[in-house]
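Work through the exercises below with the sequence and the coordinates open. Try each task before reading its solution.

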Amino acid sequence: MSFSEPNSHHLRKVLIFCFNMKKSVTVAHRMLKNGFITITPSAENHGELLNYEKLSDKPEIDDKTFERDGFGEQPLYLCNVATCDEKIIGYAVSHYTYSTWCGKGMLLQDLYVTSDFRGKHVGSKLLKAVAKEAIENDCHKLDFVVLEWNPAQEFYKRHGAIDLSSKEPWHRYRILEKNLKKLASDCE
């Protein structure tokens, strides 16, 4: 995607849309078709995010699955999108979590702003929209992971985030599909 150089006129026109099945499925589908999928990574489309994160593995999810999971009967994630002149310039994908220690929480899966609009408060608006959604739905925390080289760590710290890896003795683990299936097959 190409954008003209952002200026104050563009910034005034930045809108945040919170996609929610109950609110505006028509708008959500229109926005998906008009550009959201062009910047998000998927099996068909490597997207700007994939290049930014310097990842060589392509995503295993396809566009239809991504759309179904976010806009089907029981959406699995929430999506906030920032637009300028009807072009998507950033997005935040989040979903609810639960902790036996503090109850309901939210996980910010992705927050991405296209390079032309970084440093223009778009990321802050997206993060604030996610925080508002979390608070309005009784979440007690917002968790996320940041790549160790990503300068966005300072952005998050300015917004009150703490680096748990330096404060608490937690390690994050993942069981991938192959081992997950094996584990599930051993269940009686």
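The exercises concern a predicted model, and each is followed by a worked solution.

**Exercise 1. Strand β2**

Task: Determine how many residues of strand β2 are buried, and which of them point each way.

Solution: 
- Step 1. Take the span: strand β2 covers residues 78-84.
- Step 2. Apply the cut-off: buried means under 20% relative accessible area. By that test, 7 of the 7 residues in β2 are buried.
- Step 3. Recall the rule for strands. In a regular strand, side chains alternate between the two faces of the sheet.
- Step 4. Sort the residues. Leu 78, Asn 80, Ala 82 and Cys 84 point one way. Cys 79, Val 81 and Thr 83 point the other way.

**Exercise 2. Two hairpins**

Task: Find the sense in which β2 and β3 pair, then the sense in which β3 and β4 run. Describe what lies between the strands of each hairpin.

Solution: 
- Step 1. Start with β2 and β3. They pair in the antiparallel sense, over 7 bridges.
- Step 2. Check partners. Cys 84 has Lys 87 of β3 as its bridge partner. For Ala 82 the partner in β3 is Gly 90.
- Step 3. Inspect the turn. The β2-β3 hairpin has 2 residues between its strands. Asp 85, in this turn, has a positive phi of about 50 degrees.
- Step 4. Move on to β3 and β4. These strands run antiparallel and are joined by 10 bridges. Ser 94 stands opposite Leu 108 in β4.

**Exercise 3. Aromatic contacts**

Task: State how many aromatic pairs the structure holds. Then describe the pair of Tyr 91 and Tyr 112, and the pair of Phe 144 and Tyr 156.

Solution: 
- Step 1. Count: there are 3 aromatic pairs.
- Step 2. Take Tyr 91 and Tyr 112. Their rings are 6.2 Å apart, centre to centre, with 45 degrees between the planes, and the pair is tilted.
- Step 3. Tyr 91 is in strand β3 (residues 87-99) and Tyr 112 is in strand β4 (residues 103-113), so the pair ties together parts 21 residues apart in sequence. Both tyrosines are buried.
- Step 4. Take Phe 144 and Tyr 156. This pair is also tilted, at 4.4 Å centre to centre and 40 degrees between the planes.
- Step 5. Phe 144 is in strand β5 (residues 142-144) and Tyr 156 in helix α6 (residues 152-158), 12 residues apart.
- Step 6. Phe 144 is partly exposed because its relative accessibility is 25%. Tyr 156 is buried because its value is 9%.
- Step 7. Widen the view. Ring pairs link Phe 144, Phe 155 and Tyr 156 into a cluster.
- Step 8. The charged end of Lys 104 sits over the ring of Tyr 96, 4.5 Å from its centre.

**Exercise 4. A surface patch**

Task: Identify which residues make the nonpolar surface patch of about 290 Å². Is Leu 180 buried or partly exposed?

Solution: 
- Step 1. The patch is made by Ile 175, Leu 180 and Leu 183.
- Step 2. Leu 180 is in helix α8 (residues 177-185).
- Step 3. Leu 180 is partly exposed because its relative accessible area is 46%.

Notes: Residues are numbered from 1 along each chain as its sequence is written. This is a predicted model: local features need pLDDT of at least 70, side-chain atom pairs count only at pLDDT 80 or more; totals for chains, interfaces and linings use all residues. Side-chain values use heavy atoms; hydrogens and water are left out. Patches are made of residues with over 30% relative accessible area and no salt bridge: like charges are joined within 9 Å, nonpolar side chains (Val, Leu, Ile, Met, Phe, Trp, Tyr) within 5 Å. Accessible areas come from the Shrake-Rupley method with a 1.4 Å probe; for residues, only the protein chains shown count as cover. A salt bridge is a side-chain nitrogen of Lys or Arg within 4 Å of a carboxyl oxygen of Asp or Glu. Helices (H or I, at least four residues) and strands (E, at least two) are DSSP runs, numbered from the N terminus. Buried means under 20% relative accessible area, exposed over 50%, partly exposed in between (1.4 Å probe, protein chains only). Rings of Phe, Tyr and Trp (its six-membered ring) pair if their centres lie within 6.5 Å; planes under 30 degrees apart count as stacked, over 60 as edge-to-face and the rest as tilted. A charge sits over a ring if NZ of Lys or CZ of Arg is within 6 Å of the ring centre and within 35 degrees of the ring normal. Two strands pair if DSSP finds at least two bridges between them.
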